[in-house]
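Dear colleague,

I am passing on a structure for you to look at beside these notes. Please keep it open while you read.

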Amino acid sequence: TDASASAELSAVVDELLNSLSNKFAGVSSEIFAKMDEMSRRLDNLEATLQSGAEGKDGRGSPTKQ
C-alpha cells in the first residue's frame, strides 16, 4: 500500500506541475502580447508626435538623432 500511495502522490504532483506549467505558459503569452501591443501603440504615438512637431516648425526634433 505504501508503493501505491507513493505512486498516487507522484501522479497528483505531476498533474499539478503540468497544470501550473500550462497556466504559466498562458500568462507568459498574454504578457508578451500586451507588451507587443504597448510597443506598437508607443511607436504610433511617437510617430504622431514627431509628425506634429515637424508640421509645426517644418523640421524634425533637434534632440532626435
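Below is what was found in it, from the whole chain down to single residues.

This is a predicted model, in which local features need pLDDT of at least 70 and side-chain atom pairs count only at pLDDT 80 or more, while totals for chains, interfaces and linings use all residues. Residues are numbered from 1 along each chain as its sequence is written, and side-chain values use heavy atoms, with hydrogens and water left out.

The chain has 1 helix and 0 strands (DSSP runs of H or I, at least four residues, and of E, at least two, numbered from the N terminus). Of its 65 residues, 2% count as buried (under 20% relative accessible area; exposed is over 50%, partly exposed in between, with a 1.4 Å probe and protein chains only).

Leu 17, which lies in helix 1 (residues 2-57), belongs to a nonpolar surface patch together with Leu 9, Val 13, Leu 16 and Leu 20.

The whole structure holds 1 salt bridge (a side-chain nitrogen of Lys or Arg within 4 Å of a carboxyl oxygen of Asp or Glu), and it joins Arg 40 to Glu 37 at 2.7 Å, N to O. Arg 40 is partly exposed at 42% relative accessibility, and Glu 37 is partly exposed at 35%.

Best wishes

Terms used:
Patch = residues over 30% accessible without salt bridge, like charges linked within 9 Å, V, L, I, M, F, W, Y side chains within 5 Å. Areas by Shrake-Rupley, 256 points an atom, 1.4 Å probe, with all protein chains shown as cover.
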